[in-house]
Amino acid sequence: MHHLAKELRLKDIEKEVKICKRCALYATKKNSVAGNGNPNARIMLIGEAPGYNEDARGEPFVGAAGKVLDDLLSSVNLHRHEIYITNVVKCRPPKNRNPSKEEIKACSYFLYRQIEAIKPEIICTLGNFATNFIFERYKIKKEGRISKVHGSVHEVKEASGVKIIPLYHPAVAVYNVGMKKTLKEDFGKITNFLV
Ligand code: SF4
């Protein structure tokens, strides 16, 4: 798909997310967070849901976890304008509780369309929640929690060979230098696939 066509599709999705009432989260959010980045991205990063700062600003991965993410990206010479970042659920669940099954189901309508528009070569799932969701979507057997599967690579032949790489959520490295080292090593693997 042409860059402009992708951009227009993503903009349409963003507009729909802004006025969406498909689940109850619309009533408690300040701002929805559709996602942002490059429509032509080869890498898509998917987290769980917006938190306090994301809800306040309407942007994904701002605040402390966003800073860690920026550091990790620059450690492998990547920048946000080259990738696309979003979450499974686009509105913040009150008090950062886990999104419910119904909310995930309602909101996946947007995530599936974003993946379809961008057609990334690599999808990195950030944390257990997004990993479970994407593994289920692509029928990948999950051999344990993120502590076990982080950094593993799963090619989905039926979906144009997209590679799914589960990673720890950057929030785990905000106060933990050891986790940041692990995340850096995993990020290093991503670039091996960008020839
Ligand atoms: Fe709509 Fe998703 Fe927000 Fe629910 S979380 S209101 S489905 S955009």
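Helices and strands here are DSSP runs, numbered from the N terminus. The model is a predicted one, and everything below is read from it.

With a relative accessibility of 80%, Tyr 175 counts as exposed, because anything over 50% does. Along the chain, 106 residues separate Tyr 175 from Leu 69, yet their C-alpha atoms are 13 Å apart in space.

The N-terminal end of H7 has a cap, provided by Asn 176: one of its side-chain oxygens sits 3.0 Å from the backbone nitrogen of Gly 178.

So which residues of H7 are buried? They are Met 179, Leu 183, Asp 186, Phe 187 and Ile 190. These residues span an arc of only 105° around the axis, so they end up on the same side of H7. Turn to the other side of H7 and there are exposed residues instead: Val 177, Lys 181 and Asn 192. As for the buried residues of H7, their cover includes strand E2 (43-47), helix H3 (64-75), strand E4 (122-126) and strand E6 (162-167).

What does the side chain of Asp 186 make a polar contact with? The partner is the side chain of His 150, at 2.6 Å. Setting aside neighbours within four places in sequence, Asp 186 is in contact with His 150, Gly 151 and Leu 167.

Next up is a pair of helices, H4 (residues 101-118) and H5 (residues 127-137). They pack at an angle of about 70°, and their axes are 13 Å apart. H4 and H5 are therefore roughly perpendicular to each other, since angles of 65 to 115 degrees count that way. On the H4 side, the contact is made by Ile 104, Ser 108, Leu 111, Tyr 112 and Ile 115. H5 brings Phe 129, Phe 133, Ile 134 and Arg 137 to that contact.

H5 is largely enclosed by the rest of the structure, because eight of its 11 residues are buried. The buried residues of H5 are Gly 127, Asn 128, Phe 129, Ala 130, Thr 131, Phe 133, Ile 134 and Phe 135. Among the elements covering them are E2, H4, E4, helix H6 (146-149), strand E5 (154-156) and E6.

Most residues other than glycine have a negative phi. Lys 139, which follows H5, has a positive phi, near 55°. Asn 77, in the loop between H3 and strand E3 (84-87), also has a positive phi, near 60°. Asn 77 is exposed, with a relative accessible area of 69%. Then there is Lys 119, in the loop between H4 and E4, with a positive phi near 50°. Is Lys 119 buried, partly exposed or exposed? With 48% relative accessibility, Lys 119 counts as partly exposed.

Terms used:
Residues are numbered from 1 along each chain as its sequence is written. Side-chain values use heavy atoms; hydrogens and water are left out. Buried means under 20% relative accessible area, exposed over 50%, partly exposed in between (1.4 Å probe, protein chains only). Helices (H or I, at least four residues) and strands (E, at least two) are DSSP runs, numbered from the N terminus. The arc is that of the directions from the helix axis to the C-beta atoms. Contact means heavy atoms within 4.5 Å. A polar contact is a pair of N or O atoms within 3.5 Å; within protein, one must be able to donate a hydrogen and the other to accept it, and residues adjacent in sequence count only if both atoms are side-chain atoms. Axes are lines fitted to C-alpha atoms, for helices over the stretch in contact, and angles run from 0 to 180 degrees between N-to-C directions. Angles under 35 degrees count as roughly parallel, over 145 as roughly antiparallel, 65 to 115 as roughly perpendicular and the rest as oblique.
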